[in-house]
Amino acid sequence: MDRVLGFAVVSSVLCVGSVLGKYVRGIVNTKEDWVFLTRFCFLTDSGRLDFKFRYPKSRCCQNILLYFDESSQWPSVYKRPEKDCYQKEAVLRPENNQVINLTTRYTWSGCVVEGEGDEEILSCVGGRSFRSVRERWWYIALSKCGGGGLQLEYEMKLTNGQSFWTQHFSADEFGILETDITFLVIFATVFTLSCYFAYNLKGRQLLHTTYKMFMTAAGVEVLSLLFFCIYWGLYARDGVGNGSLKILGKLLFSVSFLVFLLMLILLGKGFTVTRARISHSGSVKLSIYMTVYTITYIILFIYEAEFFDPGEVLYAYDSPAGYGLMGLQLLAYVWFCYAVLVSLKHYPEKQPFYIPFFAAYTLWFFAVPVMALIANFGISRWAREKIVNGIQLGIHLYAHVVFLAITRPSAANKNFPYHVRTSQIGILLSSPKGMGTESFPHHAYGNSSFLGDSQPNFTELFSIHSAPLKTIDEAVGWKGQEVAQNSDQKIITTTADLSSTFSPPPPPIPPRSSALSPPPPRLASHFTEYFSMQGGAGMGSKA
């Protein structure tokens, strides 16, 4: 059979091929007398159903039933076991042409008899236009009241107009392709800017792990939108698309979200901003939390694929797994608040970064569950999918743009978080446990090194390069003299008698007597900070 052909087996089992597709094919073979086939959201005046039905004449006579989304129609009959087939048919309005009798007696069905004898087949080819006061969900069912079961081979094409952007799309999906293309361009721009900023940060040894996580989240988001755009583009062309592309896009979208969430928690705890590593207990807690979050996401995907009823218009978060994700999001926010407060308590000079960081992402943490609740209870089902898609992408874009802005490597950026170089972190991490420290020296922010190209950057001359840690005894010695090693593995300066080591310097050259000679240049006072090493209390050098 064709790859898009759904197949139903006997014993009261119905399996519809590509139920939510706008071009559907399938076979019904069941002992039931009333079954659901598919649904579609039609426009007010340009909706169209083209059909082709075939079934044995001996199983005559079957009906195609067209319900719409009013409470007196589809909700009153679907999943109502107390109602029989006749009662489900009774809610339809004959004057609205909501029943298509698949017989030769009903002219509008387009049915003719094919074959001879016991092999006679009723073949029905026709169409139906839909007009209503607003966009409506229409539900198509098959019935044969009185017993005998149902047997039908069907093929349906459901369309909204003839435009490439609307023809195969349900009305609740209008604008999704255009929205995804727009956000793909914007996120690609954000990712490109992040790569450019990363290049500048790498040159100054400030490209930290948290910024790499941000770049990963942005890049995966771009890939996700790319797969979504390809899927919807194929779908707009043939009404079927490739479901694997859509699933892959959803998975990548979730991965991007999880990486960004982990990055926010790590920054809240001060990782790469005020400390070089996360404590062992903190790492274990983070691992458990992210594992639970990932498993919940997987359950949500499985629940959506296996348990969502195609006869109902449902939203991914309208499920136990969805509510679980909202709870985990709020738990992450509580953790985020605590981590930021602790970081500010120990590093109050980091307020220019943490205060706007906390305020901006407080909105982000609450935006996801609030959006889910509004989608579940406040948005009409015939418009929910396209509205939620735009809001969700807007929330993700907001998060990425804010982070890109507060971490831009510019001397004018007073919110820049990093002040310790990656090479210095390497030295801290290579220190034996108990000998070094996980915390960084106190410093407001690190954008003082973002000087113009026309100015000398003296900090680059005195940056500590990544190299294996050596003891003072191995690294320093003056003619057999041993230099004492302090308990914290920090470099300290001492005074020494160098008269026996070097010969006396030559007498100074007298200055020229010319009155036109300019005075020697003087170093600006602010350069003194480049010739000092910041360390713990009591470890500074003396002149």
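**Close-up 1. Surroundings of Phe-403 in the predicted model.** Leaving aside neighbours within four places in sequence, Phe-403 is in contact (heavy atoms within 4.5 Å) with Tyr-211, Phe-214, Phe-260, Met-263, Leu-267, Tyr-361 and Tyr-418. This is a predicted model, in which local features need pLDDT of at least 70 and side-chain atom pairs count only at pLDDT 80 or more, whereas totals for chains, interfaces and linings use all residues. Residues are numbered from 1 along each chain as its sequence is written, and side-chain values use heavy atoms, with hydrogens and water left out.

**Close-up 2. The largest nonpolar core and a second, separate one.** A nonpolar core is a set of buried Ala, Val, Leu, Ile, Met, Phe, Trp, Tyr and Cys residues joined through side-chain atoms within 4.5 Å, where buried means under 20% relative accessible area, exposed means over 50%, and partly exposed lies in between (1.4 Å probe, protein chains only). The largest core holds 72 residues, and the members that touch the most others are Tyr-211, Phe-260, Tyr-361, Trp-364 and Phe-403. At least two residues of this core come from each of helix H3 (176–203), helix H4 (209–238), helix H5 (243–268), helix H6 (280–306), helix H7 (320–346), helix H8 (351–377) and helix H9 (384–406). Helices (H or I, at least four residues) and strands (E, at least two) are DSSP runs, numbered from the N terminus.

**Close-up 3. The disulfide between Cys-111 and Cys-124.** A disulfide is a pair of cysteine sulfur atoms within 2.5 Å, and by this rule the count comes to three. In the pair shown here, the sulfur atoms of Cys-111 and Cys-124 are 1.8 Å apart, and the torsion about their S-S bond is about 100°, so the disulfide is right-handed. The pair links distant parts of the chain, with Cys-111 in strand S6 (residues 111–114) and Cys-124 in strand S7 (residues 121–130), 13 residues apart. Cys-111 counts as buried at 9% relative accessibility, and Cys-124 counts as buried at 0%.

**Close-up 4. The disulfide between Cys-85 and Cys-145.** Cys-85 is joined to Cys-145 by a disulfide with an S to S distance of 1.9 Å, and with -75° about the S-S bond this link is left-handed. Here too the pair links distant parts of the chain, since Cys-85 is in helix H2 (residues 85–90) while Cys-145 is in the loop between strand S8 (136–143) and strand S9 (150–160), 60 residues apart. Cys-85 is buried, with a relative accessible area of 4%, and Cys-145 also counts as buried, at 18% relative accessibility.

**Close-up 5. The disulfide between Cys-60 and Cys-61.** The sulfur atoms of Cys-60 and Cys-61 are joined at 1.9 Å, and the torsion about their S-S bond is about 80°, so this disulfide is right-handed. Cys-60 is partly exposed, with a relative accessible area of 27%, and Cys-61 is partly exposed as well, with 28%. If the bonded cysteines of the protein chain are numbered in sequence order, the pairing reads 1-2, 3-6, 4-5.

**Close-up 6. Gln-98 and its polar partners.** Gln-98 is found in the loop between H2 and strand S5 (99–101), and this residue is buried, with a relative accessible area of 1%. A polar contact is a pair of N or O atoms within 3.5 Å; within protein, one must be able to donate a hydrogen and the other to accept it, and residues adjacent in sequence count only if both atoms are side-chain atoms. The side chain of Gln-98 makes such a contact with the side chain of Gln-73 (2.8 Å), and a polar atom of the Gln-98 side chain lies 3.3 Å from the backbone nitrogen of Arg-93. Not counting residues up to four places away in sequence, Gln-98 touches Ile-64, Leu-65, Leu-66, Tyr-67, Phe-68, Gln-73, Leu-92, Arg-93 and Trp-138.

**Close-up 7. An open sheet of five strands.** The strands stand in the order S1-S9-S3-S7-S6, and their pairing is antiparallel; two strands pair if DSSP finds at least two bridges between them. Strand S1 (23–30) and S6 are at the edges, each with a single partner strand, so one side of each is left without a neighbour in the sheet. From one strand to the next the twist averages 15°, where axes are lines fitted to C-alpha atoms, for helices over the stretch in contact, and angles run from 0 to 180 degrees between N-to-C directions. Strand S3 (residues 47–56) is joined to S7 by 10 bridges, and these two run antiparallel. Tyr-55 stands opposite Leu-122 in S7.
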